[in-house]
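I want to look up the charged pairs first, then the core.

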Amino acid sequence: MSIYGYDDEAVKQALKKDAYEAGKVSGKLEGKTETLVTQVCKKMRMAQPLEKIAEDLVEEVFVIEPIYRTAEKFAPEYDAGLVFENMNGTI
């Protein structure tokens, strides 16, 4: 117990749990983004336009467009790994 009347250990455990939960959410978002990048790149290799890709993936165009625009820089291979690395902070 702290001199301030709260349990230091309980506070540490609560902070640790919050950080863990935030990490899980971040990891899930990153995984979803990586999957989306991979799917977009595959469709770009088949020369599908932006609107068709968004429709096929059941996403709004504004969600797919940053991936699409980044992937255009890596034509004609559309390497999903390189696109994902270059997406840092844009979606």
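**Salt bridges and core**

I began with Glu21, which is partly exposed at 34% relative accessible area (buried is under 20%, exposed over 50%, partly exposed in between, with a 1.4 Å probe and protein chains only). This is a predicted model, where local features need pLDDT of at least 70, side-chain atom pairs count only at pLDDT 80 or more, and totals for chains, interfaces and linings use all residues. Residues are numbered from 1 along each chain as its sequence is written, and side-chain values use heavy atoms, with hydrogens and water left out.

Glu21 forms a salt bridge with Lys24, the closest N and O atoms being 3.8 Å apart (a salt bridge is a side-chain nitrogen of Lys or Arg within 4 Å of a carboxyl oxygen of Asp or Glu). The two sit 3 residues apart in helix α1, about one helical turn (helices are DSSP runs of H or I, at least four residues, numbered from the N terminus).

Next I looked up Lys32 and Glu59, whose side chains meet in a salt bridge at 3.2 Å, N to O. This pair links distant parts of the chain, with Lys32 in helix α1 and Glu59 in the loop between α2 and α3, 27 residues apart. My search of the whole structure finds 6 salt bridges.

Then the core: which residues touch the most other members of the largest nonpolar core? I found Ile64 and Val83, out of 18 residues (a nonpolar core is a set of buried Ala, Val, Leu, Ile, Met, Phe, Trp, Tyr and Cys residues joined through side-chain atoms within 4.5 Å). Helix α1 gives the largest share of this core, 5 residues.
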